[in-house]
There are 4 protein chains.
Amino acid sequence: MNCFGTLYRTTIFGESHGIEIGAVIDGCPAGIPLCEDDFIPDLDRRRSGTRGTTPRKESDLPAIVSGVFNGFTTGAPITVLFKNENVLSNDYKNLITHPRPGHADFVAQVKYKGFTDYRGGGHFSGRITLGVVASGVIAKKILEKENINIQASILNIGGENDKNRFSEIIEDALRNRNSIGGTIECKASGIPIGLGEPFFNSVESLISHAIFAIPAVRGIEFGDGFKAAFQKGSEHNDLIADRNGKTVTNHAGGINGGITNGNDIIFRIAVKPTSSISSPQMTFNTETQKIEELVIKGRHDACIALRVPVIVEAMTALVLADLSLIHKK
Amino acid sequence: MNCFGTLYRTTIFGESHGIEIGAVIDGCPAGIPLCEDDFIPDLDRRRSGTRGTTPRKESDLPAIVSGVFNGFTTGAPITVLFKNENVLSNDYKNLITHPRPGHADFVAQVKYKGFTDYRGGGHFSGRITLGVVASGVIAKKILEKENINIQASILNIGGENDKNRFSEIIEDALRNRNSIGGTIECKASGIPIGLGEPFFNSVESLISHAIFAIPAVRGIEFGDGFKAAFQKGSEHNDLIADRNGKTVTNHAGGINGGITNGNDIIFRIAVKPTSSISSPQMTFNTETQKIEELVIKGRHDACIALRVPVIVEAMTALVLADLSLIHKK
Amino acid sequence: MNCFGTLYRTTIFGESHGIEIGAVIDGCPAGIPLCEDDFIPDLDRRRSGTRGTTPRKESDLPAIVSGVFNGFTTGAPITVLFKNENVLSNDYKNLITHPRPGHADFVAQVKYKGFTDYRGGGHFSGRITLGVVASGVIAKKILEKENINIQASILNIGGENDKNRFSEIIEDALRNRNSIGGTIECKASGIPIGLGEPFFNSVESLISHAIFAIPAVRGIEFGDGFKAAFQKGSEHNDLIADRNGKTVTNHAGGINGGITNGNDIIFRIAVKPTSSISSPQMTFNTETQKIEELVIKGRHDACIALRVPVIVEAMTALVLADLSLIHKK
Amino acid sequence: MNCFGTLYRTTIFGESHGIEIGAVIDGCPAGIPLCEDDFIPDLDRRRSGTRGTTPRKESDLPAIVSGVFNGFTTGAPITVLFKNENVLSNDYKNLITHPRPGHADFVAQVKYKGFTDYRGGGHFSGRITLGVVASGVIAKKILEKENINIQASILNIGGENDKNRFSEIIEDALRNRNSIGGTIECKASGIPIGLGEPFFNSVESLISHAIFAIPAVRGIEFGDGFKAAFQKGSEHNDLIADRNGKTVTNHAGGINGGITNGNDIIFRIAVKPTSSISSPQMTFNTETQKIEELVIKGRHDACIALRVPVIVEAMTALVLADLSLIHKK
């Protein structure tokens, strides 16, 4: 289901080359100032346009068509729409018979019995995250009132940690008609003690649920993450230092027993290299039933990770806004 | 909420030192043979009892009190109960004022305004996973009919990959009154193409949601996981080799675009070292408001990771049984 | 939450005088033929335009902006949008201070702290049921494949059962600047045995949940309904007559123990008279804090019941399509 | 699904002749005083024992096995269990082949493919409402803190409104080996303005959803209910009389646009006559495939309506406690 959240609920819809993409955001409290311009900064971060990101240019102008009146949210569901304009659907015709390796083309054809909209990846396109970013902007406004702040940034791309060398790495990938992955870190600060529930609605459960909804994510770790498997209890435990629960270290990433402990929530995610690369690959021709060479046309990101931080922030905001509203009960 | 699943839904309840622990499992189809003995093998794996696991001995005998008639499931909710017997609650009295570092003691006191059952960790205890394992046994029976099989095992503990050296590592931790973490790998085979939904109900979203409900999990990665962030598209993409979607490699861990692709689902998780260690630690005394030494009594696992594989299997089975039932619509 | 359904889920949004109204319909199977024209007959029934219904004229042309490709549903969420065109918002300005008796004006102002869109009832307008009718059309197509058919019609209006006298009754109400209520009966046939669940997801629970989402509904009864309270068991029980569960009578309205029994589902609902009447009424002026006369401007239905049957069908279709998809698991 | 509620969630389980019946109640705030004795008054009202109710005698002693510590709720899920003791299962053997008219016997056999527990109606038994009453007691405690009070009572049985004649009517039904229905009214007072949501989560939607989960309910109406269909707007509209939204009349039953308006919530329900009557009836023998006479053994209520008011209160409390917790966000 294309729907997420308990009290703050986001429903996303659309296709890469469909008419409109968007989101319905339900459960936003009344009285929050909101206009189309508020979405622009985060949409700009998502759109990117720098080297290494897709040459498809979309204005991505959001239209609020419900839930806002006289510049404030009304408490009714907010609908934000985006038109698809720069569509070159012919590039994708060969993908019906030649599913791209690493892409959802094949599973989509099977799952939806051949009725899937294959153009530009259809509903599986990363373009659908436009609606997520829009909902994230609203969620951040809810969190702002609680002094909760979320920031995600690239740690490394293509195995390179030195930001000065990123453009070099990207040019290299472009030259080789290949793609590269990356790692992103997200930090949420100003977190109160007590968000989340033990077990099934642990903060990690909800954040990871949202994060793995982002295409191309392969892993997530909180606090020390996978390193914790190599540590001793005496190394990993965070000493509680004051009545507000502040800890001297933050190996736990701000969460104990599934509940926020008042320290920063910290997690990292792995983004795989874009599956659509322009160098030739072999794939199974579903018509001839033979393995054949595929050359992918269309416009793709050489390093999709570059555009992911703002989506990570949005997903985290969706979860924290929901938990924050629940927490007040 | 202590509830998980759409058509196959598990509700868990109980406390470490409460009267009974258990689960209500709703949505199980009628006609599946089920008796108390069916739970024993997986409960035994969870109980362990080997060196490095808690000396608390519980018989953990399951009682089915609803949903089964004449040896078969009836379609009504199945309730499985476990009695707590071997309870030494006095060991925990000092934790009211001295929250254990790395444990949920502190957040539980704050979140539940001092009313939490602190004995043995209360509802935050890993003991609550008894109900998860019980539900997992039933879910595995549903999956068996679809020829889906799930297996999880320890990859390493305390940084050691050589299974021959595990007992050595554990003895070392016990001698030092410390604890160690570990890594677990899970593989689900016999998976049809098409389980899961794009975005919010991606297979990774649902599995990670369930897995992070297991206490002490710090990270999860699918397929190549975090390594994928360092790869190129040409390295990571899996070539589709036949009409059934079988791929030559499985870097994707059996999932594309959130949907199963017919190959094995593969993921790994990081388990942190048990937070309750018996060597002295410093903590914040919430009464005196000073940092003081804490010596944790009670009985704890030196390496909780040893008992986690069967819980990982259970959580994975919960997700796949649910998706499998939904898939038939 | 403006969201309903488990596997077939409808999210509605919009305001009476907002930019667009619509619905996102998630969980529709792929491969169902669908185009804008398919919505017209039911939208026409909802729009009406006959005497006794609002003089506001809207073209109500649906636009499918996602989830349909080459004339078939794709399995991705379907979004249907309607533009508001014939908007006279000035008529409603006095309602900010003068809440209409029997209307949501007052509760909306309080609940949403003064930020509600008051124009034409805002999100509380019956106009939002456009999205419900659209979703109902799709649900009916799902049910058609199962040979399930739903039909609702007016039993009486203003206490009059004789359809020949309806226009007379309506003219009378219009002349008196008043409004009248009505009763509607709905019958669903072709129902298989076994839809629904005992207790919380009984068929009556789900249908009544959906039906009371229609503005102005005051009651619902299944089978013999309130008359059953006056009957004896020997009168009310339906004799089962064959192996398919067909009963000689249908006092139960096709449901036993919350589960469909293979006979027609039959229920009736009461629709209250439209609260917005044009004859003067007294109300509480929230500014002056005094009781004052209110004359309602704007365009309203003298007998909203006339437009409700198609919405009742849609709501019933939403429930039965969902149960039908769940039933196949 | 045997589960109801968003933030206050009740899961019920059990069979009439199974081992234990009960409920898991999740989302109850910490710090509410609760012990087994608190359940007794409402359980006593449900048990009845007066003429016209079943001669089956059960002690119905509740056992709280989780979620309560030192006499207070802890915030963890509360589990309440009841043992079945007075079980005479032989009475029900003939129902496998001879489904009772008006009962769920037939649909249960079909839906659950012959695996249903037929003894005493199995999971379809009204006895399962024990768990609902238990959850209702807790919900009432949550509402008490908000000064919300709920009371349901019998309006009439067997068509008789005069309470002095009730015992006469019942004796008559018993003498004739027949059963009778009844009508119940419920009133909730102390209601704040603003509970509920427009459309799908209207207060009427949620209350009716819960109420139709009670076996034998055939109809529900709010405020003037079905009479409203015969009224004019000028008769039905409630004049708002003060700043707190108090209305001079209460034709609306305390709800406008799905939202509570600060006045008493008032609704009535119709309870059909018990389907199990001891006079002979004809039914379809599923073995011989012929219509044959059935004489129902077992112990049954001649007027189940007598025991329903406390269950109506409980269901209403479940809804209002949930809405009340959501309202605080």
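**Around Tyr92(C)**

Setting aside residues up to four places away in sequence, Tyr92(C) touches His17(C), Arg100(C), Tyr118(C), Arg119(C), Gly120(C), Gly298(C), Arg299(C) and His300(C). Keep in mind that this is a predicted model. Where does Tyr92(C) sit in chain C? You'll find Tyr92(C) in the loop between strand S7 (78-83) and helix H2 (105-111) of chain C. Is Tyr92(C) buried or exposed? The relative accessible area of Tyr92(C) is 7%, so Tyr92(C) counts as buried. One of the residues touching Tyr92(C) is Tyr118(C); these two are 26 residues apart along the chain, and their C-alpha atoms are separated by 7.1 Å.

Staying with rings, let's move on to the aromatic pairs. Over all chains the count comes to 26 aromatic pairs. Take Phe212(A) and Phe222(B): their ring centres are 5.2 Å apart with the planes at 85°, so this pair is edge-to-face. The pair crosses between chains. On the chain A side, Phe212(A) lies in the loop between helix H5 (203-211) and strand S10 (217-222), while Phe222(B) belongs to strand S10 of chain B. Both Phe212(A) and Phe222(B) are buried. Together with Phe267(B), they form one aromatic cluster.

Now for a pair with another geometry. The rings of Phe200(C) and Phe4(D) have centres 5.3 Å apart and planes at 15°, so they are stacked. This one crosses between chains as well, going from Phe200(C), in the loop between strand S9 (182-189) and helix H5 (203-211) of chain C, to Phe4(D) in strand S1 (residues 3-4) of chain D. Phe200(C) is buried, with a relative accessible area of 0%, and Phe4(D) is buried with a value of 10%.

The same surface serves both copies, since 100% of the contact residues of chain B recur in chain C. Chain B also superposes on chain A, through a rotation of 180° with 0.0 Å of shift along its axis and an RMSD of 0.0 Å. Here 99% of the interface residues of chain B are also interface residues in chain A, so these copies meet through the same surface.

Which elements give two or more residues to its lining? From chain A there is strand S11 (255-256), and from chain B there are helix H1 (40-47) and strand S10 (217-222). The lining of the second largest pocket divides into 15 nonpolar, 20 polar and 14 charged residues.

One last stop in chain B is Lys141(B), found in helix H3 (residues 129-144). Despite being a lysine, Lys141(B) counts as buried, because its relative accessibility is 18% and the cut-off for buried is under 20%. Apart from neighbours within four places in sequence, Lys141(B) is in contact with Ile32(B), Pro33(B), Leu34(B) and Asp38(B). As for Cys186(B), 45 residues apart from Lys141(B) along the chain, the two C-alpha atoms are separated by 18 Å.

Definitions and conventions: Residues are numbered from 1 along each chain as its sequence is written. Chains are lettered from A and ligands numbered from 1 in the order in which they are written. This is a predicted model: local features need pLDDT of at least 70, side-chain atom pairs count only at pLDDT 80 or more; totals for chains, interfaces and linings use all residues. Side-chain values use heavy atoms; hydrogens and water are left out. Helices (H or I, at least four residues) and strands (E, at least two) are DSSP runs, numbered from the N terminus. Ala, Val, Leu, Ile, Met, Phe, Trp, Tyr, Cys and Pro count as nonpolar, Asp, Glu, Lys and Arg as charged, and the others, Gly among them, as polar. Contact means heavy atoms within 4.5 Å. Rings of Phe, Tyr and Trp (its six-membered ring) pair if their centres lie within 6.5 Å; planes under 30 degrees apart count as stacked, over 60 as edge-to-face and the rest as tilted. Buried means under 20% relative accessible area, exposed over 50%, partly exposed in between (1.4 Å probe, protein chains only). Copies are superposed by least squares on the C-alpha atoms of residues with pLDDT of at least 70 in both.
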